Every structure is written in C-alpha cells, then in structure tokens.
Amino acid sequence: MARTTPTFTPVGKYALAILVSLSLLISDINYQTFSSIRGFVQAAGIYSELLIDSFTTKITKFNSIYEDKKELIKVNKDLQNALLKLQNKIFLEKTSQVLANDLINLYDGVQALSQDQEAFIFEIASFGLKNYLCCSSHSLYLKNPQKLKVSANLPVANSNSFIGQTSSLDINLIKVILFSDTEHILPVKINNFFCNAKGAGKPLLITCTVIKGPELLKIRNNDPVFTSGIGGVFPRNVSIGRVININNSTLNESKIIIALDANPLESNHFGVLINL
Amino acid sequence: MKLSHHFIIFITIFAGFWMDEWISEFNIREYIFLADNIPYLIETSIGFLIFCYWVYAMPEKLHSSAALIYGLIIDLCFGSAVGFHMLFFVSISYIIHIYVFRFRIFSYFQLIIFFGTAAVFYLACKYLIFFPTNYSYLLLIFSFLVNAAAWLPIYFGMRSFRRTFLK
C-alpha cells in the first residue's frame, strides 16, 4: 500500500499555523487590527503604480514630441479635465452655499463656521474596480499632492452629485468609501419620508429597508431622493438619485431600491468639502 | 530550499493573484449589450491554484511556515483581512501533504475535480466572510467550471517553469 505522506508532516506545526491565522483573521475582521498596515501596503502599491505610470507616460511623451496628433489629444484631455474640475467646483460651491444658508438661519454666529468649509479638487489615484464590479466593498483612493490633513467622514462629490465620503488617509492618499458599499449608511429623504439607505454592494445602488406603513404607499418609482442632512456629514436636500423599485421583502418590511445619479467611474476628479 | 527559490515561487503566486485582479476588472458588460443586466458570475482563483501546484509539486520543500508567510504577504497586498489567505494556504498545504502520493496516481480528470473544488471552496468562504450579499450558487458553479478548466494549463505551464528555473 502506498504511503500517504512523502515525508514527515508535522501536524503540530500545521495546527499552530492554523490557530495563528485564525486568530489574526478574527481579530482583523472584528476589530480591524491590521487595517492601518493594510492601508499602508495598499497605498504603497498605488504609489508604485503611479510611479510606473508617470515613467511610462514620460517615455510616451518623449516618443510623441514630433507627433502633432498626440499633442492635440493631450490638449483635449487637459481641457476635459479642466471642464470636469470646473463642473465639480460649481456643484460643490452650490451645495456649500445651501449648507451655509441653513446655518445662517439657525445661528448668526456660525456663519464663520460655514465659511471655513472649502471645496478642494483631487485627482483619482486608484479605483477598486474588481470589488466594485463583483463585491460589496466599494472604495477609491484620491491623490493628495498638497498633503492636506483630510479627516474621515467628509463629503466627496463629482460633477453631478455626492458619491461617498472620506474614510481614512493612507500615506497621503485619501480613501473614499462609496455610497454603494454595504458598510456605508446614508440618511435620505424621499418626499417627506426619511430612512437610512445602505449600500447594496452593487454599482450605483443603495437600499432602504423600512417597516410597511401609510407613508410608504406615497412613494412611487422615479421619485427623487435627497440627502436628509441628519447624519451630519452631507448637507441636506441635495439630489442623489431616484427610486427605481419597491420590493416587499417580508410581511412587515419593504425594500426601497434607489439608483444613484453620480457614477464614480465617469470622473477623474472629485471634490471634497474640507473644514479648514 | 534556497531563499531565491522561495522568492521565485512567491513571484509566480503573486503574479497569479495579480492576474485574478486583472481578469476581475474586465467588465464584459461594456462590450456585450445583452450582458448589461447579468450579475457578476465568474471569479478565477489562478493565484490559489498556482500555490496548490507548488505544494503538489514540491511537498517536501514547502511546509506550514512557507504557506503562512506567503499567505501573510498576499493578505497584505490583495486580501480584505489579514489571516484569510494564511488560513487557506496552510489548510490546503496540509491536505496536499497528507495525500500527495495518492494524488500521484490520480488521473488528470480527478486532479481537475479536486483542485477545482478546492478553489471553489476557497471562493465560497471568501464570499461568505467578506461579501455575503454577493454570494450566489451560480457564481460558485461557473467559477468551478472556469477554475477546473484553468488547472491543466496552470499545471503544465508551471511544470515547465519549474523545470526551467528551479532545477
């Protein structure tokens, strides 16, 4: 009969290795023990990708010195980027103004606080496309060449609407968690109905699970969805999407499915409202 | 085994995981209009299968410590949580170690079934732990077919690589 093991397989060592990895896994999932190290490694990876990109771009540029067409493409790209930046700035200034007006109505004294809020435009560094297409974890990284101290939970927008909020700062790269991430919860308002919309784990979708009631019957497909401002992160009454379906998931609960307006894949630049 | 050999082996595993990422980022919906509404149904596990190949081919040289260290680096670079790849690398390494001589008398078809199933088990656990909302049996069935089909090219490709670079 053939031996089942080629050499001595130390069961104790394997058992120990399994125990170690299990304990690391549980501590990381439950307490995010290694999130900073992981963020550091991921940011380092993005930086190296950016370095390689800039290196290859320089080589390409060098080759295309005498090619007029490439020069025109570059000018076109720059103009597109400038336009996106402009659109983004306009949107953020508009929403900043709404926020400022709200604050003025409440307290005269906090006007100064609203003036401290400024919109900064950042270029995208990396988009977690794999997870965005398949899975529930949706995030992106923004470049931060000015090395601004960007804290967590600041609103992030593209030229259409808000797309998510800042999550952390990893070696000067700003991590942004998108609305469609299942970990993200956004308080929203549909007509006069308020609910907490959770990311659906699918691109451009968020869902509200609510208890059935008379207010729910007033909600129809294509009703606009606005930020409620209750969470304290986003200014209120900013349109973020529309209702596309209402599913009766259980006897007592219904699920409102909301399609988001702003597609993060369509932008290279994003604005962040920063409290200076 | 020399450290340089460990480095070469790790580079192939890393390349496999990188290839998995690259394949996953390919969005078929952009190219086929009819596929616009279909959910995400396939995930490859090339990196995991390459690791399985190395343990299968060189069981006397790759033990628990190598599996643990390879898993840790992969977790830091690609994983959603530290410990996941460590756990799976150590577990599959142990299973392959104890049955490696039995595998030698397996047909290619039996090997395809075993490694395809192992890859799908790894994917199922990954989805159940990290992305439970995206877990689906259709995903597992299609991924099994793709990963099983990937085993033979990986097996022959890595064997010729091993004979060239790790003599």
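**Reading the helices of chains A and B**

In chain A of this predicted model, residues 24 or more positions apart account for 57% of the contacts with a separation of 6 or more. Chain A has 6 helices and 12 strands, and of its 276 residues 31% count as buried.

Me: How do you know that the span of α1(A) agrees with its number of residues?
Reply: The expected span is 1.5 Å times one less than the number of residues, so the 21 residues of α1(A) should span 30 Å, and since the C-alpha atoms at its ends are 30 Å apart, the two values agree. After α1(A) comes Gln32(A), with a positive phi near 55°.

Me: What makes Tyr14(A), Ala17(A), Ser21(A), Leu24(A), Leu25(A) and Asp28(A) count as buried, and on which side of α1(A) do they lie?
Reply: A residue is called buried if 20 or more other C-beta atoms lie within 10 Å of its own, and these six names in α1(A), Tyr14(A), Ala17(A), Ser21(A), Leu24(A), Leu25(A) and Asp28(A), are buried. Because they cover an arc of only 100° around the axis, they are on the same side of α1(A). In an α-helix there are 3.6 residues a turn, so residues three or four places apart point the same way. The buried residues of α1(A) pack against α3 and α4 (84-104) of chain B.

Me: What makes up the contact between the two chains, and which element of chain A gives the largest share?
Reply: Chain A brings 31 residues to the contact and chain B brings 33 residues. On the side of chain A that touches chain B, the elements giving two or more residues are α1 (11-31), α2 (35-63) and α5 (129-134), and the largest share, 10 residues, comes from α1(A). By class, this side of chain A has 16 nonpolar, 10 polar and 5 charged residues.

Me: How are α1(B) and α3(B) packed, and which residues make the contact?
Reply: Helix α1 (residues 3-25) and helix α3 (residues 64-78) of chain B pack at an angle of about 35° with their axes 11 Å apart, and their crossing is right-handed. From α1(B) the contact takes His6(B), Phe10(B), Ile13(B), Phe17(B) and Glu21(B), and from α3(B) it takes Ala66(B), Tyr70(B), Ile74(B) and Phe78(B). The residues of this contact divide into 7 nonpolar, 1 polar and 1 charged.

Key: Residues numbered from 1 in each chain as written. Chains lettered and ligands numbered in written order. Predicted model: local features only at pLDDT ≥ 70, side-chain atom pairs only at ≥ 80, totals over all residues. Contact = placed C-beta atoms within 7 Å. Helix = DSSP H or I, 4+ residues; strand = E, 2+ residues; numbered from the N terminus. Nonpolar A, V, L, I, M, F, W, Y, C, P; charged D, E, K, R; others polar. Axes fitted to C-alpha atoms, helices over the stretch in contact; angles between N-to-C directions. Left-handed = near helix turned anticlockwise from the far one by under 90°. Buried ≥ 20, exposed ≤ 12 C-beta atoms within 10 Å, placed from the backbone. Arc of directions from axis to C-beta.
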